[in-house]
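Work through the exercises below with the sequence and the structure at hand. Each task is followed by its solution.

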Amino acid sequence: MKSVGVALVSFNTRDLLAVCLESLQACLLPLHVVVVDNASADGSAALVRTRFPHVVLIEAGRNLGFAAATNLAIQTLRREHPALEYVLLLNPDTVVRKGAIETLVAFLDAHPRVGIVAPRLLNPDGTLQPAAFRFPTLMMTLLDLFPPGEVLPGRLYNSWWHGRYPQEQSGDAPFPIDHPLGACMLVRCAVIDQVGLLDEGYFMYVEEVDWCYRVRRAGWAIWQAPDARVVHVGGAATGQFRARMLTALYASRLRFFRTHYGERAARLHTTIIRTGMLRLMLCAWRDYARRAIGRDELRSRLWAYGSVLRL
C-alpha cells in the first residue's frame, strides 16, 4: 500500500486546522503529515502537539510565507521518507472528504504523464467552488479589475476569457487544466525532482501558478479529478490582513508576468493594474460619500490601492 506525504502550512487557523487534520484520519492510505506553523498566535502549534502527536510539527518562529514554509514541509517529508512517490499540498482550511486522497493517488497511478492532479473543491455549503484555471493573461487582469456586470459584459466572467473551464460546471469526468487552486493538489515526487520546489520569491499567492507553469513546460500534464471532493473555506489565513494581502496578490502576479511573459507584457499588466486601482479609489470615495463604508474602511482601502499603485 502506497504512502502519501501531506504538507500543511498553518497561520492562525487553529480550529480549521483541527478539522482538517481530523478529516485526514478517514484516509485508508498511510499518511505522513508535516505541519509548518508560521508563528501562529492562536495556539495552533499547541493543538498539533496535544491532539495530533503523530503529526510532525515544525515551528518556524516567524512567518516564512506560504512557499518557503511548504518547501520546508516537502523537504522534511522527503528526507524522512525517501521512498515517497506523492506529496499532497493541503491548506488548513480544508476538509478532505472520505476517499478523496485515494482517488487522486489512483488517478496518478493510472496516468504516468500526469504530474499533478487536484480534486473538485466545494464551498462549505456544498456548492461548487471554481478551482480549475488557465494561466494568467492580460484579459484576465482586465476582467478582475473591471468586473463584468459593472464595466464589461457579465457573461465574460465565467468564460474561457477569464481562465475558466466549462467542464467544471457541466460534468464529473476528469479533464486537463493549466493549474488548480492551490488549496489541495497531489504532486509526483518525480515532478519535484525535475522542476524543483516552489519559488520562494512569492511570499503569498501565485506560487502554485508559477509551479504549475514550470511543470507544464517540463512536459507534464495537470488534471482535475472531480470524483475527489474537498471542502475549502477559503481566505482563512489571508483574510486576516486584507489590505496587505491585496498588495501581496498583485506583487505576485506582476512577478509571474515578468518571469514568464517578459518585460513588455509586465508593463501592460502594470498599466491595467494602475488604471484599475485608480478606479477602485474613486469607488471607495463614492462609497464613503454614500455612507456605505466608514472612515476606517476608507483609509484601509486607499492604503491598499495606493500600495498596489506603487508596485
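**Exercise 1.** Count the aromatic pairs and classify the pair of F135 and Y213.

Solution. Rings of Phe, Tyr and Trp (its six-membered ring) pair if their centres lie within 6.5 Å; planes under 30 degrees apart count as stacked, over 60 as edge-to-face and the rest as tilted. This rule gives nine aromatic pairs. For F135 and Y213 the centres are 5.0 Å apart and the planes stand at 70 degrees, so the pair is edge-to-face. F135 lies in the loop between β8 (132–133) and α5 (138–145), Y213 in helix α8 (residues 207–217), and 78 residues separate them. Helices (H or I, at least four residues) and strands (E, at least two) are DSSP runs, numbered from the N terminus. The model is predicted: local features need pLDDT of at least 70, side-chain atom pairs count only at pLDDT 80 or more, and totals for chains, interfaces and linings use all residues. Residues are numbered from 1 along each chain as its sequence is written, and side-chain values use heavy atoms, with hydrogens and water left out.

**Exercise 2.** Is Y213 buried or exposed?

Solution. Buried means under 20% relative accessible area, exposed over 50%, partly exposed in between (1.4 Å probe, protein chains only). Y213 has a relative accessible area of 15%, so Y213 is buried.

**Exercise 3.** Classify the pair of Y213 and F256.

Solution. The centres are 5.5 Å apart with 85 degrees between the planes, which is edge-to-face. F256 is in helix α9 (residues 242–260), 43 residues from Y213. At 0% relative accessibility, F256 is buried. Ring pairs link F135, Y213, F256, F257 and Y261 into a cluster.
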